[in-house]
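Welcome! Have a look at it first, and then we will go through it topic by topic.

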Amino acid sequence: MNRNLILVVEDDPSVRNLITATLKTNDYKYIVAENGQSAVASAATHNPDIILLDLGLPDIDGVEVIKRVRSWSALPIVVISARSEDDDKIAALDAGADDYITKPFSVAELLARLRVMQRRINAVVNPDQSSVFVNGALRIDFAANCVYLGEAELHLTPIEFKLICLLAKNVGKVLTHTYITQHVWGSSWDNDVASLRVFMAALRKKLENGQGAQEYIQTHVGIGYRMVKVD
Ligand code: CA
């Protein structure tokens, strides 16, 4: 439970039923609109978290719905378009849609797109948290370039700071050696990967000593590294 409210805008009853049945089975709350006018009205009245928007609607078209909603809201909009509506899809993205699904789509794809939007919502819900990252006893103040473990400030080299910021911004995800070296050094030569190992070992040592210390960074041998979410 505790899922976001989805506004489903679709005039085709069979597609609408597929979407709402999927949402229902996966514990999403939803409301529906069968045309563009009621979609805009519903978006204003119910303040949904995400809009799933069909582009081909009987009254005003989906792109116009996006423009109207965008005039007052930044809420995520996922467009559902038929292949024949490719130009509309581009127009929709230009008008401010966040993502699109092409019909026919699978239930798994629909759910995956919704999860992406939810992650995006969670990331922006608390704007102050985007400048300060907290994970257990670890705290990173991105703007001030400071890292704390418990009460103690960690003294990191500029490279170590870049590494920990990159891992923190992708907490929970395995980052490959190439991805990391490209983001930290702008290249991914073999010796960058070797240096990465050295810098990462030093960083881990600093994180694993002292107050509130634990394993924050996991090594995935032959792949890369991951910051573990500890709280
Ligand atoms: Ca339609």
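Into which domains is the protein chain divided? The protein chain has domain 1, covering 5–122, and domain 2, covering 132–227. Please keep in mind that this is a predicted model. With that said, let us start with the whole chain and then visit some individual residues.

**The chain as a whole**

- Taken over C-alpha atoms, the centres of domain 1 and domain 2 are 38 Å apart.
- If you count secondary structure, the protein chain contains eight helices and twelve strands.
- The radius of gyration of the protein chain is 22 Å, whereas a compact globule of 231 residues would have one near 17 Å.
- Along the principal axes, the C-alpha atoms of the protein chain fill a box of roughly 60 × 35 × 35 Å.

**Burial, contacts and surface**

- Of the 231 residues in the protein chain, 43% are buried.
- Looking at contacts between residues at least 6 apart in sequence, 55% of them join residues at least 24 apart.
- The protein chain has an accessible surface of about 12000 Å², and carbon and sulfur atoms account for 51% of that surface.
- As for charge, there are 24 positive and 28 negative side chains in the protein chain. The centres of these two sets lie 6 Å apart.

- Arg16 sits in helix H1, which spans residues 13–25. Its relative accessible area is 12%, so Arg16 counts as buried, the cut-off being under 20%.
- Setting aside neighbours within four places in sequence, Arg16 is in contact with Val8, Glu10, Asp11, Val32 and Glu34.
- Val65 belongs to helix H3, made up of residues 62–70. With a relative accessible area of 2%, Val65 is buried.
- Which residues does Val65 touch, not counting those up to four places away in sequence? They are Gly36, Ala39, Val40, Leu53, Leu57 and Ile60.
- Val65 and Asp94 are 29 residues apart along the chain, and their C-alpha atoms are separated by 13 Å.

- Leu163 is part of helix H6, and its relative accessible area of 1% makes it buried.
- Leaving out residues up to four places away in sequence, Leu163 touches Ile180, Val184, Leu196, Phe199, Met200 and Leu203.
- His177 lies in helix H7, residues 177–184. Is His177 buried or exposed? At 13% relative accessibility, His177 counts as buried.
- The residues that His177 touches, again not counting those up to four places away in sequence, are Val193, Leu196, Gly222, Ile223, Gly224 and Tyr225.
- Asn170 is found in the loop between helix H6 (158–169) and strand S10 (174–176). Asn170 is a buried residue, at 11% relative accessibility.
- Leaving aside neighbours within four places in sequence, Asn170 is in contact with Leu175 and Tyr179.

**Backbone features to look for**

- Most residues other than glycine have a negative phi, and most peptide bonds are trans. The following spots are therefore worth a look against that background.
- The peptide bond from Lys103 to Pro104 is cis, and its omega is near -5 degrees. Pro104 is placed in the loop between strand S5 (99–103) and helix H5 (107–125).
- Asp27 is not a glycine, yet its phi is positive, at about 65 degrees. You will find Asp27 in the loop between H1 and strand S2 (29–33), where it is partly exposed with a relative accessible area of 35%.
- Asn47, also not a glycine, has a positive phi of about 45 degrees. The loop between helix H2 (36–46) and strand S3 (50–54) holds Asn47. How does Asn47 count, buried or exposed? Asn47 is exposed, because its relative accessible area is 55%, and the cut-off for exposed is over 50%.

Notes. Residues are numbered from 1 along each chain as its sequence is written. This is a predicted model: local features need pLDDT of at least 70, side-chain atom pairs count only at pLDDT 80 or more; totals for chains, interfaces and linings use all residues. Side-chain values use heavy atoms; hydrogens and water are left out. Domain bounds come from an automatic or database domain assignment. Helices (H or I, at least four residues) and strands (E, at least two) are DSSP runs, numbered from the N terminus. The radius of gyration is taken over C-alpha atoms; the globule rule is 2.2 Å times the number of residues to the power 0.38. Buried means under 20% relative accessible area, exposed over 50%, partly exposed in between (1.4 Å probe, protein chains only). Contact means heavy atoms within 4.5 Å. Accessible areas come from the Shrake-Rupley method with a 1.4 Å probe; for residues, only the protein chains shown count as cover. Lys and Arg count as positive and Asp and Glu as negative; His and the chain ends are not counted. The place of a charge is taken as NZ of Lys, CZ of Arg, CG of Asp or CD of Glu.
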